[in-house]
Amino acid sequence: MNRRSFNTLAALAMAAGLVAADGNTGAWAEDKAPGRIVVAGGDLTEIVFALGAGDSVIGVDQTSNFPPEAAEREQIGYVRRLSPEGVLSLTPDLVIAAHDAGPDIALEQLEAAGVAIARAPETDAAAAIPEKIRFVGQAIDRADAAEALAARFEADFASVKDKVATIGSSPRVLFILGIRNGAPMIGGTGTTADNMITLAGGVNAGAGVEGYKPMSREAIIAAAPDAILVMSQHADRIGGLDVILDLPEVALTPAGQARRGIAMEGMLLLGFGPRTPDAIAELARALHAENAVAAGL
Amino acid sequence: MEATLRLGRRLASPALLLLGLLVAALALAGLALGPVEIPPPRVIAALFGGGTPAESAIVWQIRLPRVLLGLATGAALALAGAALQGVLRNPLADPGLIGVTGGASLGAVATIVLGGFVAGALPAGLRPFLLPVAAFFGAALVISFVFALARRGGETSVATLILAGVAVNAIAGAAIGAMVYVSDDTQLRDLTFWTMGALGGAGWTLVFAAGALAVAALPVLLARARDLDLFQLGERAAFHAGLDVERSKLAIGLATAVAVGAVTAAAGPIGFIGLVAPHLARLALGPRHAILLPASALMGMALILAADLCVRLAVPPAEPPIGLATSLIGGPFFLWLLLRGRGGRGHA
């Protein structure tokens, strides 16, 4: 039931995105590519810059931290809490919004003020990234560059997957999103972290829960992860990987005993942007060590 | 005390006029100022249908509903707070204390987390109203429950009312906690931001609905000024002075639930105003409710409009939650009044 309604929503979001894209490209066909773009969604920002339209980007949301020059653009705040007038003050021609950007009323108000909105399709697996790249290409009138980037992505993605498939080992990996009130938040099934761990040839040790949920200390010990994966931002904030590896529940696991903690930049690891094949390779190298080198990663 | 009262009465009308002017000025500023710079003549042109499409969209679709919702929210929260502080004879009472806000939050959070199951059955046009309607009914349900609990043998015990409110708040908090636990991360982010409150999240229809309910409920509270004065003598004395104590309590309770439920449904729970605006009014103009009630309402409107201006001008193009600004503006102002008034009045 849950899954089905989720899929329906995803389909709706995609349909909305496609409709928006069609409407927009129609309007620009006689015009030219949009000159002032605001992007709400770090993955979309990466794609716009990768397509060479970075100079047109005038505003980005909080998650847009790559490439580094993206972070120098005007900051429109949190992607689900956009201020319509704030965005309007940048006088954009186009707002490229992640599927979960909001609130809906803000996007409606932006449209009422004459700003074109391109709503991206939802990406619930790495395999859907080329679709997102093509969507952005259409929205900013760089379809050819997008086709090339999508093709390169598909080739890189396939090559990384082939190499990972030749690795014999499959360590158990626990992704810790954050430590709140003592209980670590774990990336369970259906999360981006779960998808990335699997793609890098690991087994998600947090598969007992669905979504991001706090996991009890004993459950973590029982999950017996061989490695702990965190976002580097989070590790920095709490004072380094050692703090996590020293947690009593983690110290008792194989990962804690072998001191195997992996920190990766959040948008690289979980962004589902064009850098995802690199992220998979990096994670695989960290997980499989010499096996990964032997596989050519 | 008597001198203060007389002074309060003499100063009342100019002070109310001043407050009214302040609110009007802030409302105009709310229309004229924002991250997008529109010169005042252009704002006026846009208001009367003359501006460019972008200007009229900003003024009509973004700023005007926001200002109106701010006025309704400020007045409803402050007036409800003043009336509850009067009825309960408790200076710490605010709409949150007897569970109205908790009930509204529970309704809203339940919609965010579980609404997906219901929304599919609703026609698309009605879906945006699911959350405010649920929040409103949450508030109404909680307040009727609390009043029913506190009513024994035809009498409503104020002490039971407050204690039942505390208990209901705890239950609502637990239920919200359970919802938070089963929510996915998108829902979690939504409800975190909903609980911070915002004036910018409501469109015209919602503003109309909330505004109409607030406008219907507020005169009921304003008309109870004499009742509230009598309540200060204690319920028994009020009864002997000829007041229908039960009827009065019920009317005030219901009007509070309607007003606070409606604006909370549209703007989210905005704390602090309901508690502090009445105290500000009391410190400045004395305790007589005929003046205190309208002064609280004006104070509430001024506070919330000022807070909204702050959040939209602070770090454009982003916008911090309004709850931060209401406390940041109201807190120090309140402390200043408190310290200033300490010499004259022992207990405000």
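## Two chains in a predicted model

A:Ala289 has 13 other C-beta atoms within 10 Å and is therefore partly exposed. This description rests on a predicted model. A:Ala289 sits in the loop between helix 14 (276–288) and helix 15 (290–294) of chain A, and its phi is near 50 degrees, which is a positive value in a residue other than glycine.

**Backbone features in the loops of chain A**

A second residue of chain A that is not glycine and has a positive phi is A:Arg259, with a value near 55 degrees. A:Arg259 belongs to the loop between helix 12 (254–257) and strand 11 of chain A, and because 12 other C-beta atoms lie within 10 Å, A:Arg259 is exposed. As background, most residues other than glycine have a negative phi, and most peptide bonds are trans. Chain A also contains cis peptide bonds, among them the one from A:Phe66 to A:Pro67 and the one that joins A:Gly102 and A:Pro103.

| Cis peptide bond | Omega | Place of the proline |

**Sheet and strands of chain A**

Chain A holds an open sheet of 5 strands in the order 3-2-1-4-5, with parallel pairing. Its edges are formed by strand 3 (74–75) and strand 5 (116–119) of chain A, each of which pairs on one side only. Within this sheet, strand 1 (residues 37–40) and strand 2 (residues 57–60) of chain A are joined by 3 bridges in the parallel sense, and A:Ile37 has A:Val57 in strand 2 of chain A as its bridge partner. Helix 2 (residues 42–50) of chain A lies across strand 1, strand 2 and strand 4 (94–97) of chain A, and runs at about 140 degrees to strand 1 of chain A.

Further along chain A, strand 10 (residues 227–231) is largely enclosed by the rest of the structure, because 5 of its 5 residues are buried. In a regular strand the side chains alternate between the two faces of the sheet. In strand 10 of chain A, A:Ala227, A:Leu229 and A:Met231 point one way, while A:Ile228 and A:Val230 point the other way, and all are buried. Strand 10 of chain A runs parallel to strand 11 (residues 261–264) of chain A, to which 4 bridges join it; here A:Val230 stands opposite A:Ala263 in strand 11 of chain A.

**Overall form and helices of chain B**

Chain B has 14 helices and 2 strands. The C-alpha trace of chain B spans about 60 × 50 × 30 Å along its principal axes. A compact globule of 348 residues would have a radius of gyration near 20 Å, and the 21 Å of chain B therefore agrees with that expectation. Of these 348 residues in chain B, 50% count as buried, and among the contacts in chain B with a separation of 6 or more, 78% come from residues 24 or more positions apart.

Helix 5 (residues 130–150) of chain B has 21 residues and reaches 30 Å from its first C-alpha to its last, close to the 30 Å expected at 1.5 Å a residue. Its buried residues include B:Leu131, B:Phe136, B:Val142, B:Ile143 and B:Phe147. Helix 13 (residues 289–314) of chain B has 26 residues and reaches 36 Å from its first C-alpha to its last, close to the 38 Å expected at 1.5 Å a residue. Because 21 of these 26 residues are buried, helix 13 of chain B is largely enclosed by the rest of the structure.

In the loop between helix 9 (225–231) and helix 10 (235–240) of chain B lies B:Gln232, which counts as partly exposed because it has 14 C-beta neighbours inside 10 Å. Not counting residues up to four places away in sequence, B:Gln232 touches B:Gly86 and B:Arg89.

**Contact between the chains**

The contact between the chains takes 26 residues from chain B and 25 residues from chain A. On the side of chain B that touches chain A, helix 3 (53–87) and helix 7 (185–194) of chain B each supply at least two residues, and helix 3 of chain B gives the most, with 6 residues. By class, this side of chain B has 12 nonpolar, 8 polar and 6 charged residues.

Note on methods. Residues are numbered from 1 along each chain as its sequence is written. Chains are lettered from A and ligands numbered from 1 in the order in which they are written. This is a predicted model: local features need pLDDT of at least 70, side-chain atom pairs count only at pLDDT 80 or more; totals for chains, interfaces and linings use all residues. Two residues are in contact if their C-beta atoms, placed from the backbone, lie within 7 Å. Ala, Val, Leu, Ile, Met, Phe, Trp, Tyr, Cys and Pro count as nonpolar, Asp, Glu, Lys and Arg as charged, and the others, Gly among them, as polar. The radius of gyration is taken over C-alpha atoms; the globule rule is 2.2 Å times the number of residues to the power 0.38. A residue is buried if 20 or more other C-beta atoms lie within 10 Å of its own, exposed if 12 or fewer, and partly exposed in between; C-beta atoms are placed from the backbone. Two strands pair if DSSP finds at least two bridges between them. Axes are lines fitted to C-alpha atoms, for helices over the stretch in contact, and angles run from 0 to 180 degrees between N-to-C directions. The expected span of a helix is 1.5 Å times one less than its number of residues.
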